[in-house]
Amino acid sequence: MQYERLPLAAGYTIQEKYAQFTDHDLHMHDALEVSIALDQGMKYKIGDACYYAGPGDIFLLRPFEPHSNLTQEEGQPSRWIMLLFSPSFVGVMPRGSSLLTPFYMTNTSPLIPADSDYAQSVKRLALEALEEAKHSLPGWELQQQTLMIQMLVHMQRYYLMHNRDQLLEDSSAQGIIQAIDYLMAHWAEELDMDIVIEQSHLKKTWFYTKFREVTGLTPNEFIIRLRLQYAGHMLQSTAKSITHIALTCGFGSASYFNKVFKELHHLTPREYRKR
């Protein structure tokens, strides 16, 4: 398993890439990723699952989720768009954290199919964002950020509409989404888990069971990983001290921050910053 450090100085990046046929090890990173297939067939390995994609199919890849993407046929490289961003990109906007919800659910498909109106809108906006960078007219960075937010809104709408029946039938899942929204809005604060559970309107035991079912993590693991994502972005994009970042991201002390950071990244925060 390969861990990749991906510099996101502006909080996000969007690039056109080419997938090859040669197989390679799964990799993971702490950014949220959107992959948009543009032409040829592609094969995605996400954890233990394998998906085949055609032009226009979109995959949402969750942070720290092992994955790879390849072309389906030898000698036929596949063009695709890679969009990476950190939670901090939307965290400063009112209700911006709600745009992250689809990326933190493990009990739904990562695919937004090409025949969906939402997928077509996301693809169109992504191509516009690439053109903005290519021509670099005045204000292109702001325009690209605006396009990025529009893409995330379309992905959120697809998720809510596509899973509407399931959410109506399973009120527990809806309660977990409300709890996740609360955690993402208060990620840096000292959290009272009783208040988090209140957001879900579930009994405590069932809350913990359902939370793991929906996200694959305990609430504590979830909030630590979210904080580590923000911390990783600060390490890459600022010169703030390790202690300042630890306290800003809700870890309480630099020593605890160093401990959990190294457990996940196999590097200390200082080593991570210098790479």
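**Reading a cavity, a sheet and a helix**

Reader: By class, how many nonpolar, polar and charged residues are in the lining of the largest cavity?

Author: The lining has 8 nonpolar, 4 polar and 1 charged residues. Nonpolar here is Ala, Val, Leu, Ile, Met, Phe, Trp, Tyr, Cys and Pro; charged is Asp, Glu, Lys and Arg; the others, Gly among them, are polar. Keep in mind that this is a predicted model: local features need pLDDT of at least 70, side-chain atom pairs need 80 or more, and totals for chains, interfaces and linings use all residues. Numbering starts from 1 along each chain as its sequence is written, and side-chain values use heavy atoms, without hydrogens or water.

Reader: How many cavities does the search find?

Author: A cavity is a set of points on a 1 Å grid over the protein atoms alone where a 1.4 Å probe fits but cannot get out; a lining residue has an atom within 4 Å of a point. The whole structure has 3 cavities of 30 Å³ or more. The largest holds about 110 Å³, the space filled by probe spheres on points joined across faces, edges and corners. Of its 13 lining residues, L60, T108, S109, Y158 and Y159 are closest to the centre.

Reader: Which element gives the most to that lining?

Author: Helix α3 does, with 4 residues. Elements are DSSP runs numbered from the N terminus: helices (H or I) of at least four residues, strands (E) of at least two. Strand β10 (111-112) and α3 each give two or more residues to the lining.

Reader: In what order do the strands of the open sheet run?

Author: Strands pair if DSSP finds at least two bridges between them. Here 5 strands run β2-β9-β4-β7-β10, with antiparallel pairing. β2 (12-19) and β10 are the edges; each has a single partner, so one side of each lacks a neighbour in the sheet.

Reader: Which strands pair with β4?

Author: β4 (residues 32-37) pairs with β9 (residues 78-85) over 6 bridges. With β7 it has 4 bridges. Look at S35: its bridge partner in β9 is M82, and F59 in β7 stands opposite S35.

Reader: Is β4 mostly covered or open?

Author: Mostly covered: 6 of its 6 residues are buried. Buried is under 20% relative accessible area, exposed over 50%, partly exposed in between (1.4 Å probe, protein chains only). L32, V34 and I36 point one way; E33, S35 and A37 point the other way.

Reader: Which residues does H154 touch?

Author: Contact means heavy atoms within 4.5 Å. H154 touches Y118, S121, V122 and L125, leaving out residues up to four places away in sequence. H154 sits in α3 (residues 140-162). H154 is buried, at 17% relative accessible area.

Technical notes:
On a 1 Å grid over the protein atoms alone, a cavity is a set of points where a 1.4 Å probe fits but cannot get out, and a pocket is an open set with protein on both sides within 12 Å along at least five of seven lines; lining residues have an atom within 4 Å of a point.
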